[in-house]
Amino acid sequence: MTSAPLTAQVPALVARTVEIPDPGPLLSTLPSEAPLVWVRRGEGLAGWGEAARFDVKGSARFTEADKWWRNLTRTAVIRDEVQLPGTGPVAFGSFTFDDGPTSSSLVLPETVVGHREGRWWVTTVSVNGDLPPWPSLPSVAPIKRPGPVTFADGSRSGAEWGRIVADAVSRINAGELEKVVLARELIAETPRQLDLRWPLRRLSDRYPRCWTFSVDGVLGATPELLVRRERGLVTSRVLAGTIRRTRDDVHDLALAASLARSSKDLEEHEFAVRSVADALAPFCSSMNIPETPFVLHLPNVMHLATDLAGVTSGQASSLLMAGALHPSAAVGGTPTKKAQEMIRELEALDRGRYAAPVGWIDSSGDGEWGIALRCAQVDSSERTRLRLFAGCGIVAGSDPTAELAESVAKLVPMRDALST
Ligand SMILES: C=C(O[C@@H]1C=C(C(=O)O)C=C[C@H]1O)C(=O)O
């Protein structure tokens, strides 16, 4: 069911992209209201304003959003002097994990600043057929500190969550399914309205290997790229298999070596790679799947990681591919349907937009979609309450105490980003 008719009057989109000199860090160009962000290692996109949006619920949310975007951009007049992926009009999107009560959205910002390969640009758009305003950067208000933040258990305490993990392990051992990803939430309260630029700046500074994102109240820094489509090439970074870091680099190296040999983690990783490769196969004429994963070192945890690459065989957009890939075994489980049922039964949590695609798409259908992990969902109007999420892949050999500790480590990036 859609919340807006697909055939609703399609506005006349006009977009203009101009090259600009280095404006400084992308995040420093953002005004405080509703920042739209996709940044990694200083490159990416930062947008604001809302020229158009599409909200949608239900199992066809990806295809309906894709249709809306194609309709909007098909007749667009685009003057683009930079011609890189992400120039011209782009929409930022954030989707829900399942068909529950929360909407998914695509947002077309009024202004986007971008940086890539030593070039910077600004795109402005209008949807009434007029020439958009001449691209310029507004002067922005200084970033406000959040003040002392408090944290409390969400739908379950840590101990309760450990018990549902134990329950899942025994059901896996009884042969009900192979893997399920179980998540928990933590509630953060800030004494005053949160300036989202505060946590975003800290996340992108501390986690440069992750994609820092902010779309429609969901923000975080994810290490997992569900899909990138760029000029006929498709890539995906699959993660599964995790250990916590200890702050002792020598010990961490030994742990990384043990992670790369751990049969429990390698098996869990294999499920995740297989689910992504199978879902990407219909979109690709050829695919490269490395035989062994590498260890991705992040400041809080290390993951087993595999980068898949393929050549596209059709016209499917990056968003349609993201929809086909979701939910991968990295955030759902194996087999998918059984895992989703168990998640619903055991978690007692509306995941909202956690563990679901977040990213951007341009008018050619190219784009990048990460999985919204290591993230928080902000209360829309007040912006004083946030739900933080973390989940762990549970397989036959999982130990509930270790999984609880892993979930604590995965909550660290957002917790730290919120503290003053
Ligand atoms: C579900 C999350 O992470 C996923 C689960 C992982 C695991 O269990 O090893 C690793 C990376 C992610 O694919 C999360 O961070 O919330």
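1. In which strand is Ala52 found? Ala52 belongs to strand 4, residues 52-56, where strands (E, at least two residues) and helices (H or I, at least four) are DSSP runs numbered from the N terminus. This is a predicted model, in which local features need pLDDT of at least 70 and side-chain atom pairs count only at pLDDT 80 or more, while totals for chains, interfaces and linings use all residues. Residues are numbered from 1 along each chain as its sequence is written, and side-chain values use heavy atoms, with hydrogens and water left out.

2. Ala52 counts as buried because its relative accessibility is 12%, buried being under 20% relative accessible area with a 1.4 Å probe and protein chains only. Beyond residues up to four places away in sequence, Ala52 touches Trp68, Leu106, Val107, Leu108 and Val127, contact meaning heavy atoms within 4.5 Å. Ala52 and Pro109, 57 residues apart in sequence, are 7.2 Å apart in space, C-alpha to C-alpha.

3. Leu106 is among the residues with the most contacts inside the largest nonpolar core, which has 86 residues; such a core is a set of buried Ala, Val, Leu, Ile, Met, Phe, Trp, Tyr and Cys residues joined through side-chain atoms within 4.5 Å. The largest share of this core, seven residues, comes from helix 5, residues 263-280. A second, separate core of 38 residues includes Leu30, Leu186, Leu386 and Met414.

4. For residues 159-410, an unreviewed UniProt entry lists "domain: Chorismate-utilising enzyme C-terminal", an annotation that may be inferred rather than shown by experiment, with its name shortened and its positions in the numbering used here. The span is 35% helix and 35% strand, and its end C-alpha atoms lie 17 Å apart.

Methods
Buried < 20%, exposed > 50% of the residue type's maximum accessible area, 1.4 Å probe, protein only.
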